[in-house]
Amino acid sequence: MNILSYIAHYCQSTLERCLMEEGIINWKAKKEFLPMQPGDVYQTYADVSELENDFGFRPSTPLEVGLRRFAKWYKEYYQVNCYNTVWK
């Protein structure tokens with residue numbers, strides 16, 4: 001497994017865990033990994049140097065913390081849980 005695959009797997013499994021713990025979903029997604037598709041971005045990064053220079057702010061929220069906060073906000077905002085969510 002290369003580093004990009006590991007990161008993708010880590011991010012996806014972390015998001016699923018956060019959503020499951022908040023009761024938004026109650027099972028893991030069935031995944032089908034495909035080769036790169038037209039329009040897929042091979043590599044990207046966030047350059048926050050201008051934000052840091054202009055405002056003295058540097059984001060420091062760890063991925064899992066941010067995902068947990070998002071899952072909690074999503075659940076409260078949309079008033080959903082794994083028992084009243086309708087999947088189309």
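Predicted model: local features only at pLDDT ≥ 70, side-chain atom pairs only at ≥ 80, totals over all residues.
**View 1. Helix 3 from end to end.**
Let's start with helix 3, which covers residues 63-78. This helix has 16 residues, and from its first C-alpha to its last it reaches 22 Å. That is close to the 22 Å expected at 1.5 Å a residue. Just after helix 3 comes Gln79, which takes a positive phi of about 50 degrees.

**View 2. A stacked pair, Trp73 and Tyr77.**
The model has six aromatic pairs by the ring-pairing rule. In the pair shown here, the ring centres of Trp73 and Tyr77 are 5.0 Å apart and the planes meet at 20 degrees; planes under 30 degrees apart count as stacked, so this pair is stacked. Both residues belong to helix 3 and sit four residues apart, about one turn of the helix.

**View 3. A tilted pair, Tyr74 and Tyr78.**
Now look at Tyr74 and Tyr78, an aromatic pair with 4.8 Å from centre to centre. Their planes make an angle of 45 degrees, and the pair is tilted. Tyr74 and Tyr78 both lie in helix 3, four residues apart, which is about one turn of the helix. Tyr74 has a relative accessible area of 31% and is partly exposed. Tyr78 counts as partly exposed too, at 45% relative accessibility.

Which residues form one aromatic cluster? The members are Phe70, Trp73, Tyr74, Tyr77 and Tyr78.

**View 4. The largest nonpolar core.**
Here you can find seven residues that make up the largest nonpolar core: Cys18, Leu19, Ile24, Ile25, Leu67, Ala71 and Val80. Which elements give two or more residues to this core? They are helix 1 and helix 3.

Gly23 lies in the loop between helix 1 (3-21) and helix 2 (49-55). Is Gly23 buried or exposed? Its relative accessibility is 16%, and since buried means under 20%, Gly23 counts as buried. You have already met Val80 as one of the residues of the largest nonpolar core.

Key. Residues numbered from 1 in each chain as written. Heavy atoms only, no water. Buried < 20%, exposed > 50% of the residue type's maximum accessible area, 1.4 Å probe, protein only. Phe/Tyr/Trp six-rings, centres within 6.5 Å; stacked < 30°, edge-to-face > 60°. Expected span 1.5 Å × (residues − 1). Core = buried A, V, L, I, M, F, W, Y, C linked by side-chain atoms within 4.5 Å.
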